[in-house]
Amino acid sequence: MEHKSKYPVSHVVGFLFSLVLTFVAVFVALKMNVSYTIVMWIIGSLAVLQAGLQLFMFMHVTEGEDGKTNVINMAYAAFVAIVIVAGSIWVLTSGHAAH
Amino acid sequence: MGIKWNEIFVGGDPLLVGSQIAIVLTVVAIVVGLTYFKKWGWLWREWLTTVDHKKIGIMYILSGVLMFFRGGMDGLLMKAQTARPEMNFLDAQHYNEIFTTHGVIMILFMAMPFLIGLMNVVVPLQIGARDVAFPQLNALSFWLFFSGAMLFNISFVVGGSPDAGWTSYFPLAGKEFSPGIGNNYYAIALQIAGLGTLMTGINFIVTILKMRAPGMTLMKMPMFTWTTFITSIIIVAAFPIFTVALALMTFDRLYGTHFFTLSSGGSDMLWANLFWLWGHPEVYIVILPAFGIFSEVIATFSRKTLFGYTSMVVSIVGIAFLSMIVWVHHFYTMDAGPAVNSFFSITTMLIAVPTGVKIFNWLFTMRKGRIQFTTAMLWALAFVPNFVIGGVTGVMLAMAAADFQYHNTLFLVAHFHYVLIPGVVFAVFAGLYYWWPKMFGFMLNEKLGKYHFWLFTIGFNVTFMPMFFLGLKGAVRRAYTYSAESGFAPLFLVSAIGSIILAIGFAVFCYNIYWSFRYAKRNVFHDPWDARTLEWMTASPVQFYNFAVVPEVKQLDAFWHMKKRGETLTLKESDIKKIHMPSNSGLPFYMAVVFGITGFFLVFEAHIAAAVAAIGIVVGLIIRSFDYNDGYYVSVDEIKETERTWRNVEGGTENHVG
Ligand code: HEM
Ligand SMILES: [Cu+2]
């Protein structure tokens, strides 16, 4: 095996951007004086943005030769993410649990 | 650093002092033994630094045996305490600690390593690979798991055990109600072990997708490989949830955040929700590989191809989806309303369908087969009816309305033991008897195996069957005692007697390992069971490079058909090429040590010490990043030499298919 010691630019950039996005979220949640709903929307969008960023910068979605596996993987990941987020919100905001 | 040394060593209780002394003596004995027999170098070279999937698998299995012993002791202590009404053997606090450590250890440190151990040993061989995709990562997985397990295990003598149940529900598990450090062990030890498991999941997905022998398409993979594959996917989907939940728990307990607390806007039910979002898939993580083991064992000893292979694959893939959407059945009584409860009732009943499909597949595989009643096969046979009892009572519990009655009783406890013991423990035993010759080059004694089998299955039923009825009569779980007037006494006593039979069964198993190591015939045939899959094509025990020449696969049950065609072991020496193998590394072991130390300081909330120790982790990561060791080559001569030793063994080149 050969190892071209190329500098991992995309990883470093991705890492810095992730940090920035995280700190922006912290700032929005703790320091900004807007309503709860707006905060939720902003940090939710930042989270989705960061997930997308990491997919490209760390996970090399564009580089794989095996397209089908990639699609199945991402579909399943999306399914799991939706189940976790939407499912938890649904469960925790209905019935007695809501009060 | 804020450590109060007098808090660290739990004293007073004779049981605990006894264990402390026993632990110290064992450690001293091991150290003296290793030094006396000059085995330190051997230990380091052959085991602690190994990246060989077979050795890593064996270390996982060894840990599983040890942890089964520990968890089983906990189980026996509980059974002793409840054998008679109003016993004073364990007090309430001690009972709480014991059912907590029992549950955690049995699931995470017994079932998981046993299964991951078998996966490690068998899967690369079954797909004709030389190792897993990332051998050093695999070693790191093991060592992180081991580090977490040890950290968790010292809790009962160092600082006090967690005592909020294996589910560690908030608010009880929070700082307000459990101010001691016991529950920190839960949060931190499970985190470290969980990291290891997550990496195992990734490793096996890549291994199975990328490293199959030429010709082995997905639909020609052995069933155990399939179940390992789907299990790995569920691990990657579900473990991060637990990672996050544990991290939030750690923040709550150590740094005063309010994710799960009652005050300041926390939500205690969020913990239960996240826990079971991981916890239910976890049940399938332990059950699917077990199903794979039964599939291999049943096909081999019925001497037939697995019935309904495609439907089997479809049903495990179905489980990968359904297992993610049933979690609320663990807390119907939280009462998230009729819509939520109905939805999860239906999904839970649905998931019984693919499981039922499998049961029928196994039955039809056996139908008209020439069944051989080996010990491994006995476990598989006993699994079917016992697991069905667990499954049927599970469907009873799935009905949300009925669950309000069963919830929190011993009925539930009996149910999940009927799923986990036949489903996982029987499978592990079947797998061990079946693959033992592959791992060690000698068989476990079949006669002792049968004693083990009968004692264990009978003991198991006598222990847990009464618990269904106790539960229906209203005996609650996690209660350390009951009154004489309750009328529970006779059934509890029967159950306690059963647990002794169970324990004797396990003792026979341990004796069997010892006996076979000393006396069993060496040099067994490489294919002693006349089996069907590729792992039986190579030597027993397997040479470190697995296959001299990677086999070419033409259909399902590849090895069986090769034997039929008579092309088994005719190896043309000109086909042998040099083999590339990964080098050993001490880094995974080092990481386990620094993770363990960091974890230990965190448990005791010694933040500065923990931060200093954590530098060690970062150093390890940096060393790894600059590690350019690409492994080494095994020369053709060495391969020829090794192959000649076993291919001449009795009947070496014969074909054994009738
Ligand atoms: C070997 C024989 C075993 C015995 C005698 C045994 C006994 C018990 C007992 C008495 C309890 C507590 C009942 C109560 O709530 O008061 C319990 C709980 C539990 N057991 Fe076992 N058990 C055994 C094996 C296993 C195995 C193999 C597993 C899992 C793979 C397991 C998993 C659990 C879990 C998760 C709990 C719940 C702990 C909690 O309430 O937090 N057990 N067991
Ligand atoms: Cu469940």
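Modeller: Let's start with burial: a residue counts as buried when its relative accessible area is under 20%, and as exposed when that is over 50%, with partly exposed in between. Keep in mind that this is a predicted model.

Colleague: Then let me try a case: is Thr250(B) buried or exposed?

Modeller: Buried, because its relative accessibility is 12%. Thr250(B) sits in helix H8 of chain B, which covers residues 223-255. Setting aside neighbours within four places in sequence, Thr250(B) is in contact with Ala187(B), Ile188(B) and Tyr255(B).

Colleague: Now the metals. Which residues coordinate the iron atom of ligand 1?

Modeller: Look for donor atoms within 2.8 Å of the metal. Here His102(B) and His417(B) each coordinate the iron through NE2, at 2.0 Å. The two histidines link distant parts of the chain: His102(B) belongs to helix H5 and His417(B) to helix H14 of chain B, 315 residues apart.

Colleague: And why is the arrangement around that iron atom called octahedral?

Modeller: The general idea is in the angles: ideal values for six octahedral donors are 90 or 180 degrees. In this model, the six donor atoms around the iron atom of ligand 1 subtend angles of 86 to 180 degrees, so the arrangement is octahedral.

Colleague: What coordinates the copper ion, ligand 2?

Modeller: Three histidines do: His280(B) through ND1, and His329(B) and His330(B) through NE2, at 1.7 to 2.0 Å. Along the chain, the donors follow the spacing H-x48-H-H. His280(B) lies in helix H9 (residues 268-302) and His330(B) in the loop between helix H10 (309-322) and helix H11 (338-366) of chain B, so the pair ties together parts 50 residues apart in sequence.

Colleague: And how do His280(B) and His330(B) compare, buried or partly exposed?

Modeller: His280(B) is buried, because its relative accessibility is 6%. His330(B), with a relative accessible area of 22%, is partly exposed.

Colleague: On to the backbone. Where are the cis peptide bonds you'd point out?

Modeller: The bond from Phe170(B) to Pro171(B) is cis, with omega near 5 degrees, and Pro171(B) is in the loop between helix H6 (135-154) and helix H7 (182-210) of chain B. Ser540(B) and Pro541(B) are also joined by a cis bond, with omega about -10 degrees. Pro541(B) lies in the loop between helix H16 (489-519) and helix H17 (558-565) of chain B.

Colleague: Which residues have a positive phi although they are not glycines?

Modeller: Asn408(B) is one, with phi of about 65 degrees, in the loop between helix H13 (400-406) and H14 of chain B. Asp557(B) is another, with phi of about 55 degrees, and is found in the loop between H16 and H17 of chain B. Asn408(B) is partly exposed, with a relative accessible area of 34%, whereas Asp557(B) is buried at 10%.

Colleague: Last one: what is Leu378(B) in contact with, beyond its sequence neighbours?

Modeller: Outside four places in sequence, the partners are Phe373(B), Lys450(B) and Phe453(B). Leu378(B) and Phe453(B) are 75 residues apart in sequence, and 7.5 Å apart in space from C-alpha to C-alpha. Leu378(B) itself is in helix H12 (residues 375-398) of chain B and is buried, with a relative accessible area of 11%.

Technical notes
Residues numbered from 1 in each chain as written. Chains lettered and ligands numbered in written order. Predicted model: local features only at pLDDT ≥ 70, side-chain atom pairs only at ≥ 80, totals over all residues. Heavy atoms only, no water. Donors = N, O, S within 2.8 Å, 3.2 Å for Na, K, Ca; no water. Tetrahedral: all angles 85-135°; square planar, octahedral: opposite > 155°, others 65-115°. Helix = DSSP H or I, 4+ residues; strand = E, 2+ residues; numbered from the N terminus. Buried < 20%, exposed > 50% of the residue type's maximum accessible area, 1.4 Å probe, protein only. Contact = heavy atoms within 4.5 Å.
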